[in-house]
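Here's a quick tour of a predicted model. Have a look at the fold, then read on for the details.

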Amino acid sequence: MVSEWVAPIVITSIWAFIGIICPFFARGPNRGVTQCCLMLTAATCWLFWLCCYMTQLNPLIGPKLSMNEIMIMAREWGNEIKDTMAITA
C-alpha cells in the first residue's frame with residue numbers, strides 16, 4: 001500500500017520544478033513575461049490541485065437517515081421494502 005504522503009510530495013515536486021527550475025531556461029525577448037507565466041501557472045495549478053485533493057480527504061457525506069425515514073422514502077418512490085432485515089444501519 002502506498003503511503004498517503006506520496007501523492008502530495010510527487011505532485012508538489014512536479015509543480016515546484018515547473019515553477020522554480022523551468023523559468024531559468026526561458027529564452028527570448030520576453031523572458032520576464034515567460035518566467036512570470038511559468039511561475040504563476042505552476043502556483044495556480046498546484047493550488048487548484050491542492051484544493052481538489054484536500055476536498056477528497058474529507059468528503060461531504062449525505063444525511064444520516066433513520067430506518068423509518070428509509071422505509072417512507074422507499075414506499076413513496078415505489079420501491080417498497082418487504083424485508084426490513086435486508087437494510088443495514
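## Fold at a glance

Helices (H or I, at least four residues) and strands (E, at least two) are taken as DSSP runs, numbered from the N terminus. On that basis the protein has three helices and zero strands, and along the sequence the pattern reads α-α-α.

Contact here means heavy atoms within 4.5 Å. Of the contacts between residues at least 6 apart in sequence, 38% join residues at least 24 apart.

Numbering runs from 1 along each chain as its sequence is written, and side-chain values use heavy atoms, with hydrogens and water left out.

The pLDDT (the predictor's confidence in each residue, from 0 to 100) averages 87, and 90% of the residues score at least 70.

## Surface and burial

Accessible areas come from the Shrake-Rupley method with a 1.4 Å probe; for residues, only the protein chains shown count as cover. The protein's accessible surface comes to about 7700 Å², and 70% of that belongs to carbon and sulfur atoms.

Buried means under 20% relative accessible area, exposed over 50%, and partly exposed in between. Buried residues make up 9% of the 89 residues. Phe24 sits in the loop between helix 1 (6-21) and helix 2 (31-57), and Phe24 is exposed, with a relative accessible area of 59%.

Technical notes:
Predicted model: local features only at pLDDT ≥ 70, side-chain atom pairs only at ≥ 80, totals over all residues. Buried < 20%, exposed > 50% of the residue type's maximum accessible area, 1.4 Å probe, protein only.
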